[in-house]
Each structure stands twice: as C-alpha cells, then as structure tokens.
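Here is a short briefing to read beside the sequence and the 3D view. Keep both open and follow the residue numbers as you go.

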Amino acid sequence: VFMEQTTNKSRTAAMFSGQRSLGRILVVDDEPDVRKVVRLYLEKAGYDVTEAEDGQKAVQEIKSGENPLLLDVILTDIRMPKLNGLEAIQFFQKEFPHVSLIVLTGFPDLTMATSLMKNGIIDYLVKPVEKEKLLTAVAKAMEQREREEDDFKNAIVPVHFPRDLSHETETGRRLKSRSSILMPSDGSSNA
C-alpha cells in the first residue's frame with residue numbers, strides 16, 4: 001500500500017510539475033527493492049512509472065489503468081509468483097501489441113533471451129542493471145514505439161468518394177443521389 005501511494009504521488013507530482021513526461025512505463029517485478037531502484041532511475045530521467053509486484057497485478061494494472069494506449073513500455077521480470085513474466089509477456093503482446101517490452105531478470109538464459117528477442121522483446125537486461133543500460137534500453141523502446149506510431153499514421157490513406165457514379169450500377173446511382181446533398185455536383189462545398 002505504501003509503495004502504491006508513493007507511486008501515485010510520484011505520478012501526480014510529475015503531472016503537475018509542469019515538466020513533460022518522456023513516457024509511461026510499467027515496472028513488473030516481485031522484488032520491491034528492484035522496483036524502487038528502477039522507478040527512481042526512470043523518474044529522475046523524466047518518465048512516469050507505475051509498478052506491479054507480479055504478472056497478475058500487471059495485467060490488473062494495465063486493464064484498470066487510466067488508458068492502456070498511453071502506456072509506452074513494460075519492463076518485466078521473468079520469474080515471479082502467480083502469473084510469471086513469460087505469461088505476462090504473451091498477454092501484453094496479444095492484447096497491447098503497441099506497447100514495447102523489456103525483460104529485466106536475475107536469471108540470465110541465453111536461449112530464452114534469443115527467443116524473446118526474436119519475438120519482439122526490445123531488450124533483455126540482467127539484474128542488477130546499470131542505470132545507463134536501463135535508460136538506453138528504455139530510450140530504444142521509446143524510439144521503436146514512436147517509429148511504429150509514425151508508420152501507422154503514414155499508413156492511413158484518405159478515402160475519396162467519387163462524385164460521378166452515374167455510369168455505375170443502380171447502387172452507384174442511388175449513392176450519387178444521396179451524396180448530392182453532401183457534395184453538390186458543381187464542385188462547391190456546403191462547409
């Protein structure tokens with residue numbers, strides 16, 4: 001409860017301090033000391049941080065949070081009680097594919113790291129993580145998130161409704177008659 005209150009106070013302070021946040025990060029780890037250190041590093045760097053003590057709490061947090069679309073990065077441990085990190089990662093990738101994922105574990109496993117990286121994890125960090133490595137991994141995840149958002153924005157193609165459908169089918173003629181209210185045939189606009 002104390003950690004939750006501290007985290008909420010930190011988020012509130014960041015929101016009203018006048019400083020722009022670099023992004024929102026969910027830190028998922030069963031070790032309170034690890035969450036605290038990671039949160040402090042990230043908040044000092046300018047990020048808003050939310051915490052969860054295991055995968056199950058992380059799923060609850062992201063589902064009940066303000067808006068999961070505003071979450072930028074999830075930093076998760078692997079070995080945790082209840083819902084472990086691998087299960088949580090699968091859930092996040094399925095339900096929130098736009099959120100970048102970073103693994104932070106105390107049990108390095110080269111095979112697992114390779115597999116996770118091939119499946120979209122941005123980075124695989126080993127505890128205790130150096131501050132600069134953590135911040136570099138988060139910055140990389142934020143850059144990827146921004147690139148994906150830009151790609152999505154650029155993929156949106158405006159749809160143009162043809163004005164002359166008279167040579168088309170009966171359906172086209174009906175659409176033309178209905179659309180003439182919105183789009184006069186002389187090319188002028190009602191707006």
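**Aromatic rings and the residues around them**

A search of the whole structure finds 2 aromatic pairs. Rings of Phe, Tyr and Trp (its six-membered ring) pair if their centres lie within 6.5 Å; planes under 30 degrees apart count as stacked, over 60 as edge-to-face and the rest as tilted. Please keep in mind that this is a predicted model, in which local features need pLDDT of at least 70 and side-chain atom pairs count only at pLDDT 80 or more, while totals for chains, interfaces and linings use all residues. Residues are numbered from 1 along each chain as its sequence is written, and side-chain values use heavy atoms, with hydrogens and water left out.

**The rings**

- Phe91 and Phe92 make an edge-to-face pair, 5.7 Å from centre to centre with 70° between the planes.
- Phe91 also pairs with Phe96: the centres are 6.1 Å apart and the planes lie at 65°, so this pair is edge-to-face.
- Together, Phe91, Phe92 and Phe96 form one aromatic cluster.
- Phe91 and Phe92 are both buried, where buried means under 20% relative accessible area, exposed over 50%, and partly exposed in between (1.4 Å probe, protein chains only).
- Phe96 is buried because its relative accessible area is 11%.
- Elsewhere, Arg79 lies over the face of Phe107, at 4.0 Å from the ring centre; for this, NZ of Lys or CZ of Arg must be within 6 Å of the ring centre and within 35 degrees of the ring normal.

**The overall fold**

- The protein has 7 helices and 5 strands; helices (H or I, at least four residues) and strands (E, at least two) are DSSP runs, numbered from the N terminus.
- Read from the N terminus, the elements run α-β-α-β-α-β-α-β-α-β-α-α.
- Of the 191 residues, 36% are buried.

**The nonpolar cores**

- Which residues touch the most other members of the largest nonpolar core? Among its 22 residues, they are Leu26, Ile74 and Phe92.
- A nonpolar core is a set of buried Ala, Val, Leu, Ile, Met, Phe, Trp, Tyr and Cys residues joined through side-chain atoms within 4.5 Å.
- Two or more residues of this core come from each of strand S1 (24-28), helix H3 (55-64), helix H4 (85-95), strand S4 (100-105) and helix H5 (110-118).
- H4 gives the most to this core, with 4 residues.
- A second, separate core has 20 residues, including Val27, Val129, Leu135 and Ala141.
- Leaving aside neighbours within four places in sequence, Phe92 is in contact with Leu26, Ala58, Val59, Ile62, Ile74, Pro97 and Leu101; contact means heavy atoms within 4.5 Å.

**One face of helix H3**

- In H3, the residues Gly55, Ala58, Val59 and Ile62 are buried.
- Seen down the axis of H3, these buried residues fall within an arc of 100°, so they line one face of the helix; the arc is that of the directions from the helix axis to the C-beta atoms.
- An α-helix has 3.6 residues a turn, so residues three or four places apart point the same way.
- The buried residues of H3 pack against S1, strand S2 (48-52), strand S3 (73-76) and H4.

**Met142 and its partners**

- Met142 lies in helix H6 (residues 131-155) and counts as buried at 7% relative accessibility.
- Leaving aside neighbours within four places in sequence, Met142 is in contact with Leu22, Gly23, Tyr47, Asp72 and Val73.
- Met142 and Asp72 are 70 residues apart along the chain, yet their C-alpha atoms are separated by 6.8 Å.
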